[in-house]
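Open the model in a viewer and keep the selection panel at hand. The stops below go from one selection to the next.

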Amino acid sequence: MSNVAKLEYNGQVYELPIITGTENESSVDIRKLRDTTGLVTFDDGYKNTGSTKSKITFIDGDKGILRYRGYGIEELAEKAEFMEVAYLLIYGKLPNEAEYTEWKKQMTRHSLVHEDVKKVFDAYPTGAHPMGQLMTMVGMMSSFYPNSQDPQKMEEDRNLTIIRVMSKMPNLCAMMYKKRIGHPVMYPTNELRYVEDYLSMTFGNPCEKFTVDPVVASALNKLLILHADHEQNCSASTVRMVGSAGTNLWATISAAIAALWGPSHGGANQEVLEMLQEIKDSGITTKQYVEKVKNKEAGVRLMGFGHRVYKNFDPRATIIKKSADDVLKKLGVVDPLLDIAMELEQMALSDSYFVERKLYPNVDFYSGIIYRALGYPTDMFTVLFALGRLPGWVAQWKEMVEEKQPICRPRQIYMGETPRAYQSIKDRK
Ligand code: ACO
């Protein structure tokens, strides 16, 4: 295979090196393009741009492959604990027994949050969206740890910040829920595992002993693994964009949470449930809803369908669909929204509008059904996504810092006014 691409422009031929990744995907190296030709590339939405080299996650969107550090998502979702996967993403290897014991110890040792955090939290208006609160709370944590503010500092300091971010996040996420229902905030329990502890802080209360349902814990463990990383998606790219300025990890994660909140990204899981509920409440048929989507009426999309990278199937959606069925059965939950979702999926998969555009269910299509069965209100769904995606964001940030990635600063194609003279206000139209 050729190791250069040729570009002919203005009668000259330029050679551009080809970079090949470990899975044989090739890219044209355009880093010297502007210097040699005066040209920049145009690719709005970065649909065709490799923004970094990374060793963390591999996706083949056409074949529906997703691997973290070389391990298939199917195997990890089946066999691993979320904390093992977090370690794998962040440190590049599955932990051995000693490493895992130490990692879990660190996760419990740092899980308390400063009591003053609650004062800020208390000032939030009741009913504020949990993602807005989470974004602020995580960003604010940098003020409690001034040492975290220079990420280029020693590796040990950086690692301590990583441990703090990872270990305090379940506590912060649980607080959102407690505030929402007007219950007192719960403290972590060190003898519980990460996922169990999070569930206990969410659904436990100070008046009685809380026992974690293993079905719920196992379902959440799987969901968190499935969400743990997805290479250079919108929020991970936000991590690299913000972090490339030398910004500390807390503030960077806060920015990633903001990106995830959007309905085209993680916010879709909430929108899917709202869509299913709307179909149920309005009494329209799924066929009528699909027609509405196809007519592009009022910009309605089939939420939970379509993906920038997966153009065949999303392997996470396949696992989640099976899991949704399983969890509902085990918990004895009958949810009419699951039937509507299955009907919608069938209809869309056999409709030429969706087939031609290669639109398939994504990770968000069925996840909300499970979150609902576990007892979460709709506006907490994206918070759960954030909890799952955290190790991925941390891994992307760590890799970026260690590889000394240059500050992200894209170019643009200016389409505005050419030079013109200032007019005094009385002369303006
Ligand atoms: N419903 C109906 N039509 C759709 C959908 C959808 N969900 N998604 C894309 N299309 C159509 C577009 O209207 C467009 O049609 P056109 O060619 O007639 O103009 C075509 O498919 C291509 O769509 P784009 O928006 O160009 O595709 P892109 O790759 O930019 O967007 C995205 C991907 C944002 C995920 C999109 O499919 C979407 O909005 N889906 C719904 C929201 C969603 O589920 N987001 C979660 C994504 S997964 C995640 O972030 C965890």
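This is a predicted model: local features need pLDDT of at least 70, side-chain atom pairs count only at pLDDT 80 or more; totals for chains, interfaces and linings use all residues.

Select the 18 residues around the ligand; A268, R301, F305, G306 and R308 come nearest. Colour the shell by residue class and it divides into seven nonpolar, seven polar and four charged residues. Then colour by domain: at least three residues of the shell come from domain 2 (72-266 + 394-402), and at least three from domain 3 (268-378).

Zoom out for the domain layout. The protein is divided into domain 1 (4-50), domain 2 (72-266 + 394-402) and domain 3 (268-378).

Next, select the largest nonpolar core, which has 110 residues. V85, L134, I257 and I370 are the residues with the most contacts inside this core. Helix 18 gives the most to the core, with twelve residues. Both domain 2 and domain 3 supply at least three residues each. In soluble globular proteins, nonpolar side chains tend to be buried together.

Stay with L134 and show its neighbours. Leaving out residues up to four places away in sequence, L134 touches L172, C173, M176, I257, V383 and A386. Among these, I257 is also one of the core residues with the most contacts.

The axes of the two helices come within 8 Å and cross at roughly 35 degrees. On the helix 6 side the contact is made by P130, M131 and L134, and on the helix 18 side by T382, V383 and A386. Five of the residues in this contact are nonpolar, one is polar and none is charged.

Now select helix 17 (residues 364-374). How many of the residues of helix 17 are buried? Eleven of the eleven are, so helix 17 is largely enclosed by the rest of the structure. The buried residues include D364 and R372 as well as F365, I369 and L374. I370, one of the core residues with the most contacts, is also among the buried residues of this helix.

End the tour at G375, which follows helix 17 and has a positive phi, near 105 degrees.

Note on methods
Residues are numbered from 1 along each chain as its sequence is written. A residue is near a molecule or strand if its C-beta atom, placed from the backbone, lies within 6 Å of it. Ala, Val, Leu, Ile, Met, Phe, Trp, Tyr, Cys and Pro count as nonpolar, Asp, Glu, Lys and Arg as charged, and the others, Gly among them, as polar. Domain bounds come from an automatic or database domain assignment. Axes are lines fitted to C-alpha atoms, for helices over the stretch in contact, and angles run from 0 to 180 degrees between N-to-C directions. Helices (H or I, at least four residues) and strands (E, at least two) are DSSP runs, numbered from the N terminus. Two residues are in contact if their C-beta atoms, placed from the backbone, lie within 7 Å. A nonpolar core is a set of buried Ala, Val, Leu, Ile, Met, Phe, Trp, Tyr and Cys residues joined through C-beta atoms within 7 Å. A residue is buried if 20 or more other C-beta atoms lie within 10 Å of its own, exposed if 12 or fewer, and partly exposed in between; C-beta atoms are placed from the backbone.
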